[in-house]
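Please open the model in a viewer and keep the selection panel at hand.

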Amino acid sequence: ALDGTAQIEDGAVTGFTAAFDGRVAVIPAETAGFDRLLDALCDPAVCKRTADSKPLCAALLADGRQPQGIGMDTLLAGYLLNPLASDYSLSRLTQEYAVPVPEAEGPAAAEAAMLPAVADRMAAEVEEKGMARLLREVEIPLAQVLADMENVGFEADAQGIAEFGALLENRIGNIQRAIYESVGYEFNLNS
């Protein structure tokens, strides 16, 4: 498995921090061969584990690449396991799942260093709770669809929205007038 976190700026992958064998490698986009790393992120034969696949997918899709082979997204797994939590960062997940935090220099390296142990623990938890298939076949692919939608956007009927807004304003005005007539005087309806 390829464990790592991507650094994304202005919709582009500006670096990747990989964690392996207890070590961490911070790889800036300017590094020779970085395109081959991006190719590996899109290779279905290479299982990737990351902390939040959607921004990575969005950046790869915007670059004309097709991300494949994401086997673990700790943010999505965290949500499945504890949907009431307000934070699914690796630092919080290490606390929730009592995973030791390895030492690393710099925030990108620290985050990536946490990933292998958190991903291992969460994979076991997701499997134990019978949610592994949901994560792999629904949540992770859906993150890619949402990333693509964010890149492409969607068409809106501006005239239709404006017409509906005018209709609502008219209805609200009629209801307010009916209330004032019923009471016999105007007052602040919002109080």
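Predicted model: local features only at pLDDT ≥ 70, side-chain atom pairs only at ≥ 80, totals over all residues.

Two strands count as paired if DSSP finds at least two bridges between them. By that criterion, begin with strand 1 and strand 2 (residues 12–20), which run antiparallel and are joined by 7 bridges. The protein chain has a mean pLDDT of 93, with 100% of its residues at 70 or more. Confidence is lowest in strand 3 (residues 23–28), at a mean of 92, and highest in helix 3 (residues 74–81), at 97.

Return to the hairpin of strand 1 and strand 2, and select Asp10. The hairpin has 2 residues between the strands, and Asp10 adopts a positive phi near 50°.

Next, select Asp3. Its bridge partner in strand 2 is Ala19, while in strand 4 Asp3 stands opposite Arg49. Extending the selection to strand 1 (residues 2–9) and strand 4 (residues 48–50) shows a parallel pair joined by 2 bridges.

Now turn to the helices, selecting helix 3 together with helix 6 (residues 132–152). Their axes come within 10 Å and cross at roughly 120°. Because of this angle, helix 3 is oblique to helix 6. The crossing of helix 3 past helix 6 is right-handed. To display the contact, select Leu76, Ala77 and Leu80 in helix 3, with Leu134, Leu135, Glu139, Ile140 and Ala143 in helix 6. Which classes of residue form the contact of helix 3 with helix 6? The contact comprises 7 nonpolar residues, no polar ones and 1 charged.

How values were computed:
Residues numbered from 1 in each chain as written. Heavy atoms only, no water. pLDDT = per-residue confidence, 0-100. Helix = DSSP H or I, 4+ residues; strand = E, 2+ residues; numbered from the N terminus. Axes fitted to C-alpha atoms, helices over the stretch in contact; angles between N-to-C directions. Parallel < 35°, antiparallel > 145°, perpendicular 65-115°, else oblique. Left-handed = near helix turned anticlockwise from the far one by under 90°. Contact = heavy atoms within 4.5 Å. Nonpolar A, V, L, I, M, F, W, Y, C, P; charged D, E, K, R; others polar.
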